There are 2 protein chains.
Amino acid sequence: MPDNDSSDFVVVGGDAAGLSAASKAKRENSELDVTVFEKGRWVSYAHCGTPYFVKGEVEKLTDLLSLPPDEIKERGIDLRREHEVVGVSPDDKTVTVRKPDGDEFEHGYDDLLVAAGARAANPFEGAELDGVLTLHGLDSAACIRALLHEPDDFTVESLGGGDYLNEEAARRYGGMEPPKKVAVVGGGYVGVEMVEAFSAWDIDVHVFQRSDHILPAFGEEVAESVEDCLKQNGAELHTGVEVERLRGDSDRDGGRVSEVVCSDGTTVEVDAALVGVGIRPNVEIVADSVELGDSGAVAVDKYGRTSAENVYAAGDCAEMEHVVTGEDDWVPLGLTANRAGRAIGATVAGTPTETGGIAGTAVLKAFELGCGRSGLSAEEAREAGYDPVSVTVDAASRSGYYPGAEKTTVTLVADSDTGRLLGGSTAGKDRAAKRIDTVATALEAEMTVDEVVRLDLGYAPPFSPVWDPVLVAAKVLEGKLG
Amino acid sequence: MPDNDSSDFVVVGGDAAGLSAASKAKRENSELDVTVFEKGRWVSYAHCGTPYFVKGEVEKLTDLLSLPPDEIKERGIDLRREHEVVGVSPDDKTVTVRKPDGDEFEHGYDDLLVAAGARAANPFEGAELDGVLTLHGLDSAACIRALLHEPDDFTVESLGGGDYLNEEAARRYGGMEPPKKVAVVGGGYVGVEMVEAFSAWDIDVHVFQRSDHILPAFGEEVAESVEDCLKQNGAELHTGVEVERLRGDSDRDGGRVSEVVCSDGTTVEVDAALVGVGIRPNVEIVADSVELGDSGAVAVDKYGRTSAENVYAAGDCAEMEHVVTGEDDWVPLGLTANRAGRAIGATVAGTPTETGGIAGTAVLKAFELGCGRSGLSAEEAREAGYDPVSVTVDAASRSGYYPGAEKTTVTLVADSDTGRLLGGSTAGKDRAAKRIDTVATALEAEMTVDEVVRLDLGYAPPFSPVWDPVLVAAKVLEGKLG
């Protein structure tokens, strides 16, 4: 049932990458006919803000919208929400779209961007139990926050979700008894942020992490700092422990989650579980028509082009080139999606623009602690074939004599053969997180450690000691490199 | 009266550059015989902390010492305080040293580092009046803080200066009536920091700046932010006004300062004046024996070598190569001194090490505001022969929906011919100052603006919006460059 319709530029997915591309293309060339198909009701929202909505620091769900649909339409973009693209045919240059009523139609394109995002993984037996949650998207955030209210206190309006909200789901969770004890399964970004969110509601939190340390991407030093911090804030940590299943409270394991069962036989009673063990790229619609990378996400070139002509991919469903290894990698993060979308929009509009690489830079708040990471950890460097040398230093965040100076832990990793900086991490209570930007910039510039030592960073007692903690680490690493 | 003595490495000046060099040389080669001559009693102290000592946030003067003399001696360095080097003879490879008793002797060297620092300028008629102060060195900080106490409340011990303090001077100032109204002449770093310090003592502050804006090195945008901030905190600003003289309260203009007289005829009554109109390099002892640069400071090569064999110079008395222009420049700052000293120490000990260039990076606190600058301002770029394009943006310091987000003003300057980033500045209440480190690192890497746009900086709602304010500015500048 073709609608005989077609656009110059069709975008699959109305979030960071998709709408950045649509907006940029339209801005650069207002003649372009741009259509965005989004399967859900929400568009252009800040994923990374959802833990703070659950925590209560962000009042309304709609506060997390970057661009309301009206504004998108004002930009001249044909935005079709609740329109799911279920197939892509690069040979015909069409996509197949399913409407809210279930009917499907074909829509042609000159250029296509697949920005279909990702979904939360929940591989555990018991995933379907009541009180087992993932945090991905605003409706899931709404359900979690609804669950935290006493049923008598809850109103669906309190979520501030406007017309976008899946009210039925939110009401269902709002009607449940709030949890007293929550399992956070997976100690990655989302897990750590959600410990803080649950703790704000006076809930006991148990964190389960399969490896010996949480936050493996941040390296052991940051992980240990965050572990100490979570414990000091009352969380109980179970590391080196594999969760086997989630068990329910009714006869045949149905009903509400009541227990986390670990592979070593230990069990922990809980009345809710947040599963944060990573996300999977949404590649199904193009899995047969474009090449996927080793990660399972869509493989693209420097311009975000897939193996199929006129088909681009960006955001959480696509790989990107890593600036350190030069290899394709899948590190789904917000800035990457925005930047790649923006570049593809410019390219489609006629100005070929590279999407830029990724350094895998990430920053994270855990209660009063700020952490950052960029590039490769020592372990990742070893896996990538380098012979890494690394150092960890504790330096002051400000001049030692100035009020408010806090310990800042910096790890730097370098290649012992060339002296090139490969990665780093930071942790501390006083502006430690964004100190990683110096590392990220140095990585992008392919600096050696002795070049980092010579960086002319800002010094004033309230903000940094003479030698910024990153420089202190670089000096020590320079000495170790010899 | 030669003492028939000689050292492998002689250092003139016992502060940042001098002691960094001595320590590094000794650490790299413990066999080296290292002697440091320092004309004063204080060594290895944090200049930049003095405004906070005057303010009262730093309790004791000795808190500002990085390395006490005892520790320096434990490192095997022959530190001779109150020994002033009054002459250098590169032909004989000797220095002439004046002892505390006034006697002089010759001391030989294999390698010599001149790290004689700088002194505060005070070119005004009336400079000698009571209550006219400069802030350079710990004794001057002691005198200013002494002056701020009621004579009855003051004890010299309260300054926490130990044996190092010039007690006589401190007592003299401690005996004076504290000022009610202070003139800060010069709106540079020191001036701005001292406004904050004086305000903490409930003193009315008048700032006098010859040019139309304070902080010329930070560019107009930062200057305006700081000006607003100073005014909101009660300071009165007199910009575009030249101070002609300081007038005293006794008959023949002696006694205590009572009035600032400007060249346009206006006068402002004050009872103290802090003159912060810059510093001058201490080059007299080598002015006849080594080449000076255009700035009047000592000219050096990439290794800190002067035109005289085996004579190095570093710190506030030496020029350095600017990483943007590639020209020699004089930007006397703490990190520069420490790094150059450290490199020269390594070179003298047998490992030739470049001192690194300067980007002129500086950060500054003005009450609740943090500011940074690096590289060239638009005006400096024009003077250096570039055809600069610049943009200024106001962006949020965190995601807009996250509590504590503050306006962050970022200015970036680029070369319109090549698109190369030339400089930038930042200002804001939420961690704006150290965001300049990204700019400093990008400048050192000679990045173009489109490379800056592609930087993978850290994003999480509590620390940064998706696009860090520096990236927002880079995107706008990229658009302007076309």
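Predicted model: local features only at pLDDT ≥ 70, side-chain atom pairs only at ≥ 80, totals over all residues.

Trainee: Which element of chain B gives the most to the side that touches chain A?

Mentor: Start with the totals: 51 residues of chain B are in contact with 51 residues of chain A. On the chain B side, α8 (334-348), β20 (362-366), β21 (369-375) and α10 (436-444) each supply at least two residues. The biggest share, 7 residues, comes from α10(B).

Trainee: What kind of axis relates the two chains?

Mentor: Chain B superposes on chain A by a rotation of 180 degrees, with 0.0 Å of shift along the axis and an RMSD of 0.0 Å. That's why the relation is that of a two-fold axis. The same surface serves both copies, and the share of chain B contact residues that recur in chain A is 100%. So the name you want is a two-fold axis.

Trainee: Now Gly278(A): is it buried, exposed or partly exposed?

Mentor: Gly278(A) sits in the loop between β15 (272-275) and β16 (279-281) of chain A. Buried would take 20 or more C-beta neighbours within 10 Å, and exposed 12 or fewer. Gly278(A) has 15 inside 10 Å, so it counts as partly exposed.

Trainee: How far apart in space are Gly278(A) and Gly186(A)?

Mentor: Leaving out residues up to four places away in sequence, Gly278(A) touches Ala121(A) and Gly188(A). As for Gly186(A), it is 92 residues from Gly278(A) in sequence, while the C-alpha to C-alpha distance is 8.0 Å.

How values were computed
Residues numbered from 1 in each chain as written. Chains lettered and ligands numbered in written order. Contact = placed C-beta atoms within 7 Å. Helix = DSSP H or I, 4+ residues; strand = E, 2+ residues; numbered from the N terminus. Least-squares fit on C-alpha atoms with pLDDT ≥ 70 in both.
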